[in-house]
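Biologist: Could you walk me through reading a protein surface beside DNA? I would like the general idea, then the case at hand.

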Protein chains: 2
Amino acid sequence: MQKEHNLSKNQKIIFDLIDKSGGPMKAYSILFNVQKKGIKAPLQVYRALDKLVEIGKIHKIESRNAFIACQNSSCQISKATAFSICESCENVSEISNSKLSKYLSNFSDDSGMKYSKYNLEFFGLCKKCKSK
Amino acid sequence: MQKEHNLSKNQKIIFDLIDKSGGPMKAYSILFNVQKKGIKAPLQVYRALDKLVEIGKIHKIESRNAFIACQNSSCQISKATAFSICESCENVSEISNSKLSKYLSNFSDDSGMKYSKYNLEFFGLCKKCKSK
DNA sequence: TTATAAATGTTATATTATTACATAACGTTA
DNA sequence: TAACGTTATGTAATAATATAACATTTATAA
């Protein structure tokens, strides 16, 4: 199970916003949306985002510079992430596939590197966009 | 085999620089390094980078906002990329492991998405950094 | 050779993220 | 509860990354 973290005021405001949005959000869009709640500066947003990423409540979609709420309530949080991204509508979802995560978590090659973390992003067209 | 592309002047200058560096380079560091060759503006760099990415001569390391020369002369170029990144020394190398690439290229789940591309980044400590 | 696409040059600006510094709140434990 | 260390906050400035818009030139190929 996931460790409980007591989110601070800003962390909670920002997590709730991202979570409710249901998709990825960009930092400055978050900033815009929380200004009415007193969060005025980019750094306040980035600090909360950093912490939320660290504790696994959100993930960063690297190819999009965006942040999405973790949809994976258990296991290997933020050490092993996989996403599917529609290149047409930009819909993003977190893939939770135990075979895939096992395969990647156990992956090793002859480089001598010890892998402790990975991030995988799949791209393609989602169901809706395919049929257009 | 990789399709031959005749690089333009700027593309060639920038590709050669990245290739010779042997590692990932950031756009503005590239810009700094090619100013003596007459490339003066960020956009000139980004345009060449975009093209080089498109034809598979370089890849973008998304988590680092950096660009590295392709070390994989054949196969599935820029549709199927995997990297190992040392979180201590920031050394990056391209993983070419046919099992891994087959596994991921054939991956599908029940989302109904057709995946045409992926990017995987592994993080950890390289041999040298581990032993420090 | 002419039309079309690709690449270049230039300026300005948008977007994403961090540095630096000051203060406040929280949690522990003596 | 006082003192301490840690975490979070507030604010201003700025750094780093990336794109828009427009004019012109070069390469390609019909």
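This is a predicted model: local features need pLDDT of at least 70, side-chain atom pairs count only at pLDDT 80 or more; totals for chains, interfaces and linings use all residues.

Biologist: Which residues come nearest to DNA strand D?

Modeller: A residue is near a strand if one of its heavy atoms lies within 4 Å of it. Here, of 16 residues around DNA strand D, A:Gln44, A:Arg47, B:Lys26, B:Tyr28 and B:Lys60 come nearest.

Biologist: Which side chains have a polar atom by a phosphate oxygen of DNA strand D?

Modeller: A polar contact is a pair of N or O atoms within 3.5 Å. A:Gln44 has such an atom 2.4 Å from a phosphate oxygen of DNA strand D; for A:Ser8 the distance is 2.8 Å, and for A:Gln11 3.3 Å.

Biologist: Which helix gives the largest share of this surface?

Modeller: Helices are DSSP runs (H or I, at least four residues), numbered from the N terminus. Helix 3 of chain A gives the largest share, four residues.

Biologist: Why does A:Tyr28 count as exposed?

Modeller: Exposed means over 50% relative accessible area, buried under 20%, partly exposed in between (1.4 Å probe, protein chains only). A:Tyr28 counts as exposed because its relative accessibility is 52%. A:Tyr28 sits in helix 2 (residues 27–34) of chain A.

Technical notes: Residues are numbered from 1 along each chain as its sequence is written. Chains are lettered from A and ligands numbered from 1 in the order in which they are written. Side-chain values use heavy atoms; hydrogens and water are left out. Helices (H or I, at least four residues) and strands (E, at least two) are DSSP runs, numbered from the N terminus. A polar contact is a pair of N or O atoms within 3.5 Å; within protein, one must be able to donate a hydrogen and the other to accept it, and residues adjacent in sequence count only if both atoms are side-chain atoms.
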